[in-house]
Structure formats: C-alpha cells, structure tokens
Amino acid sequence: MRAESGTAHALVRDAREQDLPVIAAIYAHHVLSGLATFEIEPPDAAEMRRRYADVRARGLPYLVAERDGAVLGYAYAAPYRARPAYRFTVEDSVYVERSHLGHGIGGALLASLVSACAPTGCRQMIAVIGDSANAASVALHERCGFARVGLLPASGFKFGRWVDSVLMQRAIGEGDTSLPGENE
C-alpha cells in the first residue's frame, strides 16, 4: 500500500518483528509525554513482542508507515472487548513518531487499517481517544469516517489530573446492514 500524505510519501505495509524496537520507541514517547494512552510506564521489549504476536495471531492487521526505510508510525486493530458478542468489533490504535505528527502519516495509517480490517470479518471499529482536548486525534478519526458516540468524563488519571476519554465509531465493510455469515 502506498499512501500519499501531505508533501511526504509513505509506504504503509504490514509490520514485521524487526520493526518492534522503533514501534516501542514511538510508543514510549507517547506514554511518557502524552495522553493518547493511559499507560504510565512504557512496556518493555518482551511485552511489545507479546502484544504484536497477539494481534497477528488473531488475524488482525498491524501496520507501519515508512519512508526511505524509516518507520514513521504504526497502527493496529485489536479486539474491542473479550466477550463473544463483541467479536465483530475492533479498537484501533495509531501512533506517529513525534517529528512526523501533522504530516498525514496518521491518516494514511488509519485509512489503511480500516481497509485491512474489512476482509477479516470486522464490522465496527471503535476509537477510544485519551483526552477530550486531543483535537488532532478527533479530527483524524472524523476524516476517516468516524463519528463521536460518547464521552467518558474523568475516566483516567495521568500527569496529576483527571482525563476524559472520547469514544468514536465507524462501520467497516457492510457494518450492521447485514448479518454476519455462519462461520463468523
């Protein structure tokens, strides 16, 4: 997949295990300095490998955006909740290397992630956005067809303050216009 983003071109492709150190570094920055994630301590390399393996074992997409061989960001879909009735719903995660924020990398990743989820049988994608003041993430999701469906006030506590979570959702493929097949 090739995505054109702003003035930069980025190749969006399946993540590989050798991408994990850069993915971990990108995520660590967001854990330590932002509210996009409610984790407090960055996961170690073994935990990042476990998470990657879990997503891939479920047949769900885990993508990176790269330019000139450098990983600029990543995105993946994971089950929204563990209970069986949620089996057609995934939650997206998108993180971009800080020097490439605002250059269209997140949009290229999210659009590719939505497309990659359609053949997996997923019908809904949920975004749980940390911090109601995170206008960039809300706008990114809106550009990719998500609608705001809820707000969880003061649902997290990070950096010495209460933080909201914004819930956004979009249909994937046929969404709820048809019933899932018998094998799904």
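Q: Taking a disulfide as a pair of cysteine sulfur atoms within 2.5 Å, how many disulfides does the count come to?

A: Zero by that rule. This is a predicted model, in which local features need pLDDT of at least 70, side-chain atom pairs count only at pLDDT 80 or more, and totals for chains, interfaces and linings use all residues. Residues are numbered from 1 along each chain as its sequence is written, and side-chain values use heavy atoms, with hydrogens and water left out.

Q: Switching to helices. At what angle do α1 and α2 pack?

A: About 105 degrees, with the axes 10 Å apart; α1 covers residues 20-33 and α2 residues 45-57. That makes α1 roughly perpendicular to α2. The classes are roughly parallel under 35 degrees, roughly antiparallel over 145, roughly perpendicular from 65 to 115, and oblique for the rest.

Q: How are the axes and the helices defined?

A: Axes are lines fitted to C-alpha atoms, for helices over the stretch in contact, and the angles run from 0 to 180 degrees between N-to-C directions. Helices (H or I, at least four residues) and strands (E, at least two) are DSSP runs numbered from the N terminus.

Q: Which residues meet there?

A: From α1, L20, I23, A24 and Y27; from α2, M48, R49, R51 and Y52. The contact residues split into six nonpolar, two charged and no polar. Nonpolar here covers Ala, Val, Leu, Ile, Met, Phe, Trp, Tyr, Cys and Pro; charged covers Asp, Glu, Lys and Arg; the others, Gly among them, are polar. Contact means heavy atoms within 4.5 Å.

Q: Which residues touch the most other members of the largest nonpolar core?

A: Y74, L110 and M125, out of 45 residues in that core. A nonpolar core is a set of buried Ala, Val, Leu, Ile, Met, Phe, Trp, Tyr and Cys residues joined through side-chain atoms within 4.5 Å.

Q: What does Y74 touch?

A: Not counting residues up to four places away in sequence, Y74 touches I23, I26, Y27, M48, Y62, L63, V64, S93, V94, Y95 and L109.

Q: Y62 is on that list. Where is Y62 found?

A: In strand β3. Y62 has a relative accessible area of 2%, so it is buried. Leaving aside neighbours within four places in sequence, its contacts include I23, Y52, V55, R56 and Y74.

Q: Backbone next. What is the phi of D68?

A: About 50 degrees, a positive value although D68 is not a glycine. Most residues other than glycine have a negative phi. D68 lies in the loop between β3 (62-67) and β4 (70-79), and at 79% relative accessibility it counts as exposed.

Q: And the phi of D131?

A: Near 80 degrees, also positive in a residue other than glycine. D131 sits in the loop between β6 (124-130) and α4 (135-143). Its relative accessibility is 13%, so D131 counts as buried.

Q: What is F38 in contact with?

A: Beyond its neighbours within four places in sequence, F38 contacts G130, D131, S155, G156, K158, V163, D164 and S165. F38 is in the loop between α1 and α2 and is partly exposed, with a relative accessible area of 31%.

Q: Where is S165 found?

A: In strand β8 (residues 161-171). S165 is buried, at 5% relative accessible area. Apart from neighbours within four places in sequence, its contacts are F38, V128, I129, G150, L151, L152 and S155.

Q: Last one: which residues does R148 contact?

A: V166, L167 and M168, again leaving aside neighbours within four places in sequence. R148 is in strand β7 (residues 147-158) and is partly exposed, with a relative accessible area of 47%. R148 and D131 are 17 residues apart in sequence and 13 Å apart in space, C-alpha to C-alpha.

Terms used: Buried < 20%, exposed > 50% of the residue type's maximum accessible area, 1.4 Å probe, protein only. Disulfide = S-S within 2.5 Å.
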